[in-house]
Amino acid sequence: MQPRNMSMSGVVDLAAVKAAGEAKAKAEQARAESARQAAQGGVPASAGAVPPSALVIDVDEAGFERDVLQLSAEVPVVLDFWAEWCEPCKQLSPLLERLTIEANGRLLLAKVDVDSNQMLMQQFGIQGIPAVFAVVAGQVLPLFQGVAPEQEIRATLAQLVQVAEERFGIIGIEVDPNAEGAPASAPAAEAEAPEGPYDALLEAAVVALDAGDLGGAVQAYKNVLADDPANIEARLGLAQAELLARVKDMNPQAVRAAAAEDPKDPAAQIAAADLDLVGGHVEDAFGRLVDTVRVTAGADRDAVRVRLLELFEVIGADDPRVAAARTALARVLF
């Protein structure tokens, strides 16, 4: 099935999300086929599996897209920014390596030497090391900076695994302790992705969007997510439909006047950011909310942060404007 065209042309592009969903389906089909053949006495069940040593890799600027961004569609990638001269790094890095191996394929650890990769350090807005981030389905998530107790780190990584599985359907890569030499980035066997079970509902949602039936579109996406909470296309489509529903009855002049009058009013800034995004002013929307997070606190700040994350979903994780705004948000929060 061809990727569907969404209503907010130029603002929302589901092509990358659709491709990620199809890649996931292919990987799952390949794993299922491997298991079926193994049960019939064909290829061994460990075909395509990687050794535990492949779960910890060194990554540089040249290989970042391949070894981190692309792999993050299959397994959550933990980024460990370190340097040889950093004494706390010598405590943290071995712990991260051990916990990654214990996760048995549900995590991948990518170590970044900041002395050799200054550009990556700048792009992530790192002020000090050790610094630990995660990348899930192309989305960057700040985890922590400095050395934390093992119990806290273990809990953080467990939460990361849970979010990756429940929100994005990412279940990790297969590990075989007897496998030798297989790189973590070994491509899955090519397989033709079958038509998804929710394609009709997703198509109906797009038709409803194009017809201006926002309630119908929202319900169609929710119907998909009720059965498949990790369906990426439905999650992104729902975020878009809900955004359009929020701005449908707004008075743009009144909204913008209220936002200009009080830069610290979270509700006013959230409403204005919604209008910015629908109007195609993506960077303005993100910048407005990042600035509001900076000047608010408590529940107000959290409400703004949550709306910003929702708008990230509308645009899509692969958009460079999302990555830049995530970095800006991390700087404000941490």
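Predicted model: local features only at pLDDT ≥ 70, side-chain atom pairs only at ≥ 80, totals over all residues.

I started with Asp291, which forms a salt bridge with Arg294, the closest N and O atoms being 2.7 Å apart. For the record, a salt bridge here is a side-chain nitrogen of Lys or Arg within 4 Å of a carboxyl oxygen of Asp or Glu. Asp291 and Arg294 sit three residues apart in helix α11 (residues 282–295), so about one helical turn separates them. Helices (H or I, at least four residues) and strands (E, at least two) are DSSP runs, numbered from the N terminus. Asp291 is partly exposed at 40% relative accessibility, and Arg294 is partly exposed at 48%. My cut-offs: buried is under 20% relative accessible area, exposed is over 50%, and partly exposed is in between (1.4 Å probe, protein chains only).

Residues are numbered from 1 along each chain as its sequence is written, and side-chain values use heavy atoms, with hydrogens and water left out.

Next I looked up Arg154, which forms a salt bridge with Glu150 at 2.8 Å between the closest N and O atoms. These two are four residues apart in helix α5 (residues 150–168), so again the separation is about one helical turn. Arg154 is partly exposed, with a relative accessible area of 36%, and Glu150 is partly exposed at 31%. Salt bridges that share partners join Arg98, Glu102, Glu150 and Arg154 into one network.

The whole structure holds 16 salt bridges.

The axes of α10 (residues 266–278) and α12 (residues 298–315) come within 10 Å and cross at roughly 10 degrees. That makes α10 roughly parallel to α12. Axes are lines fitted to C-alpha atoms, for helices over the stretch in contact, and angles run from 0 to 180 degrees between N-to-C directions; under 35 degrees counts as roughly parallel, over 145 as roughly antiparallel, 65 to 115 as roughly perpendicular and the rest as oblique. On the α10 side the contact (heavy atoms within 4.5 Å) is made by Pro266, Ile270, Ala273, Asp274 and Leu277, and the α12 residues include Asp300, Arg307 and Leu311.

Then the cysteines: how many disulfides does a search of the whole structure find? It finds one, joining Cys86 to Cys89 with S to S at 2.4 Å. The criterion is a pair of cysteine sulfur atoms within 2.5 Å. The link is right-handed, with 80 degrees about the S-S bond. Cys86 is buried at 3% relative accessible area, and Cys89 is buried at 2%.

Last, I noted the totals. The chain has 13 helices and five strands, and of its 334 residues 46% count as buried.
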